[in-house]
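Subject: Structure handover: salt bridges

Hello,

Here is the structure for you to look through. My notes on its charged pairs follow below.

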Amino acid sequence: MSIRPVKRLVRSKPTLEGAGVHLRRAFGFGNTSDFDPFLLLDDFRNDVPEDYLAGFPWHPHRGIETITYVLAGTVEHADSMGNRGAISAGDIQWMTAGSGIIHQEMPKGDATGRMHGFQLWANLPAANKMTAPRYQEVKAAEIPEIKDDDGTEVRVVCGTFWGKTGPVEGIATDPIYIDVSVPPGRRKTLPVETTRQAFAYVFSGGGKFCNASGPLAVPTESVGWLDTTPPTEADNRSLVLFDRGDELEVQAGEDGIRFLLVSGKPLQEPVAWYGPIVMNTQDELRHAFEDLERGTFLKAKQGS
């Protein structure tokens with residue numbers, strides 16, 4: 001077994017999106033090849049209603065899938081397929097934009113005005129870019145929860161982990177997306193397939209992610225090899241991007257640590273991206289925006 005070394009530590013950055021929603025972007029836009037097949041992760045956590053109530057009014061998507069995971073408050077949504085509803089604390093919204101969808105997402109706070117959730121964008125392979133749009137809403141009670149003997153808790157949003165399979169299925173890039181809580185002072189090793197890109201996004205507490213033995217590892221008489229590569233400390237709103245290996249190790253701090261752990265198999269395909277539309281070539285991207293201008297963007301029948 002090999003511990004994944006930390007490739008990069010990133011602090012999420014304040015960003016303004018939608019009609020004026022203040023959020024934090026862990027990564028997105030620009031060169032996202034290190035995160036392939038993922039394109040963007042937003043942390044929309046806010047305690048000031050004026051900073052999020054304007055929401056994300058009607059806007060288009062093509063060529064991607066989005067997974068929205070809510071921890072506090074409510075997100076009301078509607079789309080061009082006729083879907084309408086709301087997701088609340090612990091719920092998930094999964095949308096395959098495929099050939100094209102127009103939707104809106106309007107956040108509402110809880111009783112204290114707090115709103116918190118995440119939106120992850122997963123790319124679609126070239127062969128699936130123009131697939132028919134699909135939508136799924138998953139309630140909190142449907143998400144498997146696992147508690148290990150040491151107190152570590154895991155919610156399986158999608159994919160299979162520790163023998164449990166999450167309710168969100170059919171995502172083309174087959175991601176594993178879990179919500180992990182490790183108790184104070186505990187050290188935990190978590191498996192991740194070597195073929196997958198993987199990252200952790202810390203949103204509560206903090207801890208240290210252990211690095212694999214590298215060129216700084218030195219021999220000692222008593223313990224054989226001593227890894228002198230320092231662990232990477234990560235706290236609230238930090239993203240840890242991992243290099244290759246088949247497991248990762250985290251040491252929780254005095255307040256414990258909670259983080260999203262996301263992995264997926266890279267597509268290794270070209271990306272042509274502007275705003276909410278992600279294609280493989282500039283010609284495809286230009287055609288998508290021409291469709292918007294002509295009113296021919298929606299290929300699937302509305303309300304179907």
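Start with R25, which is buried at a relative accessible area of 11%. Buried means under 20% relative accessible area, exposed means over 50%, and partly exposed lies in between (1.4 Å probe, protein chains only). This is a predicted model: local features need pLDDT of at least 70, side-chain atom pairs count only at pLDDT 80 or more, and totals for chains, interfaces and linings use all residues. Residues are numbered from 1 along each chain as its sequence is written, and side-chain values use heavy atoms, with hydrogens and water left out.

Opposite charges are the theme here. Side chains of opposite charge can pair when their charged atoms come close. A salt bridge is a side-chain nitrogen of Lys or Arg within 4 Å of a carboxyl oxygen of Asp or Glu. That rule gives 21 salt bridges.

R25 pairs with E17, with the closest N and O atoms 3.1 Å apart. E17 is partly exposed, at 27% relative accessible area.

R25 also forms a salt bridge with D42, at 2.7 Å from N to O. This pair links distant parts of the chain. R25 sits in strand β3 (residues 21-28) and D42 in strand β4 (residues 38-43), 17 residues apart. Strands are DSSP runs of E, at least two residues long, numbered from the N terminus. Both R25 and D42 are buried.

Next, E193 and R196 form a salt bridge at 3.6 Å, N to O. E193 is partly exposed, at 42%. R196 is buried, at 3%.

Finally, there is a network. Salt bridges with shared partners join R62, E290, D291, R294 and K299.

Best wishes

How values were computed. Helices (H or I, at least four residues) and strands (E, at least two) are DSSP runs, numbered from the N terminus.
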